[in-house]
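Visitor: I'm new to reading protein structures. Could you walk me through one and show me how to read its features?

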Amino acid sequence: FYLKQNRDLEITLIANEAMAPTCSLNSTAIVAARGVQEGISPLGDINHKSYQEFVAFVQKYKPQGIEEIQHHQCWRKDYFQAPQWSKRFGPSQTVNHFLDFKLNQKVEMITEVAFMIYPKTFLNWFDNQVINDFIRTIKKEKKIILTGMNQNYQADMVVMTTGAYGPWLHNHESLQKSKPIQGCYLDMPFEYAESFSITYEKIHLVYRAQEQRLLLGSTKKDCGFQFLADEKELREYYDEAKNLFPDLDLPPYSAENIKVGIRQKGIKRMPFWGQLEENIYSIHSLYRNGWSYSLLWARALAQIILNK
């Protein structure tokens, strides 16, 4: 997107969903500040900056596939993280309902502005032409040679945005010390008048009104590239949500509604953007903030490349 602003560049995008499924299409896709402030930690500073970048991008370009909503964070007073969350989010309200739905107990709740992403619509808005191929190796000769399953490619410069699959293509320390983390959630048919997002302790419920889909999750598991979901934990989330929202009328639990994504977790959860070696760059380890981190680091990296 940012590199295309220089019309002298010839840009080729290569991806293969079958061999390397993108996590972007398998995520609950909510961007919110979540109480993060500057000056607390390096990671918190990045989270705060990337959220501001996302808001500015939406306001400037008005992309399709983004809906501004309210995100609700709630927890029990005796939840083990309650003191930490109260400090992080500030004053909360004690409530026993959410929208039109009664809760089976009183909880502490805060509400903040958030952005719901419809992944396919948002990604299609960029109008990128993508070659369907899977890159197996990247080697530097007179030019950079990319060996694909269908053909080989030559490039003067390469930007890797390969997610958890990056360690297969380069031995940079930040890649080799990253971890693939599995996340899974339920994607179920549902009908309600408006979109919503609510997190109750570990459980996240997201309703995409434009698609009439209710997402419930999401688990996280350090199990490598395993696309088989941990149904036991996911079923526990479902049962707990059904208990908390007795009149929400959740669809019946079904394994057919499970979606699985593999996220890349960096060293100390820190993202990476920059040069791996001369003329080979990467943006990776975006973990649970891919939608906001990606815009921030894409613009920063594009500026470096365009100024060369």
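Guide: Happy to! Helices (H or I, at least four residues) and strands (E, at least two) here are DSSP runs, numbered from the N terminus. Keep in mind that this is a predicted model.

Visitor: Let me try those labels. In which loop is Ser218 found?
Guide: Ser218 is in the loop between S14 and helix H5 (231-244).

Visitor: Now helices. What should I know about how their residues point?
Guide: An α-helix has 3.6 residues a turn, so residues three or four places apart point the same way. Take helix H6, residues 290-306: it has 17 residues and reaches 23 Å from its first C-alpha to its last, close to the 24 Å expected. Its buried residues include Trp291, Leu295, Ala302 and Ile305.

Visitor: How do I describe two helices packed together?
Guide: You give the angle between their axes and the distance between the axes. Here, the axes of helix H1 (residues 42-61) and H6 come within 8 Å and cross at roughly 85°. An angle of 65 to 115 degrees counts as roughly perpendicular, so H1 and H6 are roughly perpendicular to each other.

Visitor: Which residues of H1 and H6 meet?
Guide: On the H1 side, they include Leu43, Ile46, Tyr51, Phe54 and Phe57, and on the H6 side, Trp291, Leu295 and Arg299 are among them. By class, the contact has 10 nonpolar, three polar and three charged residues.

Visitor: What about strands? Where do their side chains go?
Guide: In a regular strand the side chains alternate between the two faces of the sheet. In strand S13 (residues 203-208), Ile203, Leu205 and Tyr207 are on one side, with His204, Val206 and Arg208 on the other, and all are buried. Six of the six residues are buried, so S13 is largely enclosed by the rest of the structure.

Visitor: Which strands does S13 pair with?
Guide: Strand S12 (residues 196-200) joins S13 through five bridges, running antiparallel, and Ile198 has Leu205 as its bridge partner. Strand S14 (residues 213-217) also pairs with S13 in the antiparallel sense, over five bridges; there, Tyr207 stands opposite Leu214.

Visitor: How many residues sit between the strands in those hairpins?
Guide: Two between S12 and S13, where Glu201 in the turn has a positive phi of about 55°. The hairpin of S13 and S14 has four, and Gln212 in that turn has a positive phi of about 55°.

Methods: Residues are numbered from 1 along each chain as its sequence is written. This is a predicted model: local features need pLDDT of at least 70, side-chain atom pairs count only at pLDDT 80 or more; totals for chains, interfaces and linings use all residues. Side-chain values use heavy atoms; hydrogens and water are left out. The expected span of a helix is 1.5 Å times one less than its number of residues. Buried means under 20% relative accessible area, exposed over 50%, partly exposed in between (1.4 Å probe, protein chains only). Axes are lines fitted to C-alpha atoms, for helices over the stretch in contact, and angles run from 0 to 180 degrees between N-to-C directions. Angles under 35 degrees count as roughly parallel, over 145 as roughly antiparallel, 65 to 115 as roughly perpendicular and the rest as oblique. Contact means heavy atoms within 4.5 Å. Ala, Val, Leu, Ile, Met, Phe, Trp, Tyr, Cys and Pro count as nonpolar, Asp, Glu, Lys and Arg as charged, and the others, Gly among them, as polar. Two strands pair if DSSP finds at least two bridges between them.
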